[in-house]
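Reader: Can you walk me through the pockets and cavities in this one? Keep it brisk.

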Amino acid sequence: MALGLIVKTGRILTAKLLLGQAVDGITHCAIGDGDASFTDPQNPPAPDIGQTGLRNERARKRNYKRTFLKEDAEGALLVNGVRYLETGEETNTIGVFFRFDEAEANGITIREYGVFGGDVQYTASVTGDLAMSGVFHQDTNPTGEVLHPGYLYEVKNIPDFNKISDTRVELVGIIKI
């Protein structure tokens, strides 16, 4: 499967972190069902380097773990044909782990996902790690639970995947520096 695209705002987030500015690294993953350009369920359109968010965000979840990884033939984590092992030693590879549990984000046809960092903020009505209905906007999306989306770091468009109640979706962002 093709790799995701690190977009311009992802590069800005990286630059801010390297300059030592007080922003959070990658903290959230959003899933969405795309827009009118997603016409072929098996062949999604390519993401755009200028994207600052998903084309139609439906749900967003905070990571549950961030850790250093190293490649290891016996590693339990398999991503794109490469096995990784979590490690306490500092490496140039990190993993950021996200999980949409069985009771979360059901009824969504996932066509796109992205990872975000910076100053992500939910509306005051959200009390947990999950926000639904995308980015809040008074006029165009008053039910959205994401008050500030933060910086989109990486985006990926995928063939249609239907999230239903007996399915847990686990997404792991692997970042090699």
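Author: Terms to start with. On a 1 Å grid over the protein atoms alone, a cavity is a set of points where a 1.4 Å probe fits but cannot get out, and a pocket is an open set with protein on both sides within 12 Å along at least five of seven lines; lining residues have an atom within 4 Å of a point. The model is predicted: local features need pLDDT of at least 70, side-chain atom pairs count only at pLDDT 80 or more, and totals for chains, interfaces and linings use all residues. Residues are numbered from 1 along each chain as its sequence is written, and side-chain values use heavy atoms, with hydrogens and water left out.

Reader: Which residues line the largest cavity?

Author: Phe-38, Asp-40, Pro-41, Pro-44, Arg-111, Ile-158 and Asp-160.

Reader: What is the volume of that largest cavity?

Author: About 30 Å³. A volume here is the space filled by probe spheres set on the grid points, which are joined across faces, edges and corners. The structure holds 1 cavity of 30 Å³ or more.

Reader: How do the residues of its lining divide?

Author: Into 4 nonpolar, no polar and 3 charged. Ala, Val, Leu, Ile, Met, Phe, Trp, Tyr, Cys and Pro count as nonpolar, Asp, Glu, Lys and Arg as charged, and the others, Gly among them, as polar.

Reader: On to pockets. How much space lies in the largest pocket?

Author: About 860 Å³. It has 30 lining residues, and those nearest the centre are Val-79, Asn-80, Tyr-113, Val-172 and Ile-174. Strands E2 (26-32), E5 (77-79), E6 (82-87), E8 (108-117), E12 (151-163) and E13 (169-176) each give two or more residues to that lining. Helices (H or I, at least four residues) and strands (E, at least two) are DSSP runs, numbered from the N terminus.

Reader: Which element gives the largest share of that lining?

Author: E13, with 8 residues. By class, the lining of the largest pocket has 23 nonpolar, 3 polar and 4 charged residues.

Reader: You named Asn-80. Where is its place?

Author: In the loop between E5 and E6. Phi of Asn-80 is near 50°, a positive value in a residue other than glycine. Asn-80 is partly exposed, at 47% relative accessible area. The cut-offs: buried is under 20%, exposed over 50%, partly exposed in between (1.4 Å probe, protein chains only).

Reader: And Ala-105, what is its phi near?

Author: Near 55°, again positive in a residue other than glycine. Ala-105 sits in the loop between E7 and E8 and counts as buried, at 5% relative accessibility.

Reader: Now the second largest pocket. What volume?

Author: About 260 Å³. Its lining includes Leu-13, Thr-14, Arg-66, Tyr-153 and Ile-177. Helix H1 (8-18) and strand E7 (93-100) each supply at least two lining residues. H1 gives the largest share, 4 residues. The classes are 9 nonpolar, 2 polar and 1 charged.

Reader: What's the order of the strands in the open sheet?

Author: E1-E12-E8-E2-E3-E10, 6 strands with antiparallel pairing. Two strands pair if DSSP finds at least two bridges between them. E1 (5-6) and E10 (130-132) are the edge strands, each pairing on one side only. H1 packs on this sheet and touches E1, E8 and E12 (contact means heavy atoms within 4.5 Å). The direction of H1 makes about 135° with that of E12. Axes are lines fitted to C-alpha atoms, for helices over the stretch in contact, and angles run from 0 to 180 degrees between N-to-C directions.

Reader: How many bridges between E2 and E8?

Author: 6, in the antiparallel sense. Ile-26 stands opposite Gly-117 in E8, and Ile-26 is also in the lining of the second largest pocket.
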